[in-house]
Amino acid sequence: MILVNTDYITGKELEMLGLVKGSTIQSKNIGRDITQSFKTIVGGELKAYTQMMNEARAIATKRMVAEAEALGADAIVNIRYASSAVMQAAAEVIAYGTAVKFK
């Protein structure tokens, strides 16, 4: 499966199959939340949250790819990621793009 954030793949003619997406909702762990709140006092990267968001993007991407594979896609073009808070202690990460088949 080829994944790109452009609307084309050089040298390939594409047949659009449709929108595919994958998402996950991650919540903060109370222990992680407490340790990371101390980090805000001195500043710097919140590594536990960075790791959590990287894992969430990976899960969302995997689910998007599974949806594209079910359509018989060869690739996903124009991939985008978004995140939003769904409640005070949880955030959704969504990956979406256009599933395509090579002609």
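This is a predicted model: local features need pLDDT of at least 70, side-chain atom pairs count only at pLDDT 80 or more; totals for chains, interfaces and linings use all residues.

Residues are numbered from 1 along each chain as its sequence is written, and side-chain values use heavy atoms, with hydrogens and water left out.

Met-87 is found in strand S3, and with a relative accessible area of 56% Met-87 is exposed. Together with Ile-25 and Val-86, Met-87 makes a nonpolar surface patch of about 300 Å². Such patches are made of residues with over 30% relative accessible area and no salt bridge, where like charges are joined within 9 Å and nonpolar side chains (Val, Leu, Ile, Met, Phe, Trp, Tyr) within 5 Å; the areas come from the Shrake-Rupley method with a 1.4 Å probe, and for residues only the protein chains shown count as cover.

Helices (H or I, at least four residues) and strands (E, at least two) are DSSP runs, numbered from the N terminus, and two strands pair if DSSP finds at least two bridges between them. Four strands form an open sheet of mixed pairing in the order S1-S3-S4-S2, with S1 (2–3) and S2 (14–27) as the edge strands, each of which pairs on one side only. S1 pairs with S3 (residues 75–87) in the parallel sense over two bridges, and Leu-3 has Ile-76 in S3 as its bridge partner. Helix H2 (residues 47–70) lies across S1, S2, S3 and S4 (90–102), running at about 145° to S2; axes are lines fitted to C-alpha atoms, for helices over the stretch in contact (heavy atoms within 4.5 Å), and angles run from 0 to 180 degrees between N-to-C directions.

How many salt bridges does a search of the whole structure find? There are two, a salt bridge being a side-chain nitrogen of Lys or Arg within 4 Å of a carboxyl oxygen of Asp or Glu. In one of them, the side chains of Glu-13 and Lys-103 meet at 3.7 Å, N to O. Because Glu-13 lies in the loop between S1 and S2 and Lys-103 in the segment after S4, the pair ties together parts that are 90 residues apart in sequence. Glu-13 counts as exposed at 53% relative accessibility, and Lys-103 counts as exposed at 64%.

Glu-67 forms a salt bridge with Lys-21, the closest N and O atoms being 3.4 Å apart. Since Glu-67 belongs to helix H2 and Lys-21 to strand S2, this pair ties together parts that are 46 residues apart in sequence. Glu-67 is partly exposed, at 27% relative accessible area, and Lys-21 counts as partly exposed at 41%.

Terms used. Buried means under 20% relative accessible area, exposed over 50%, partly exposed in between (1.4 Å probe, protein chains only).
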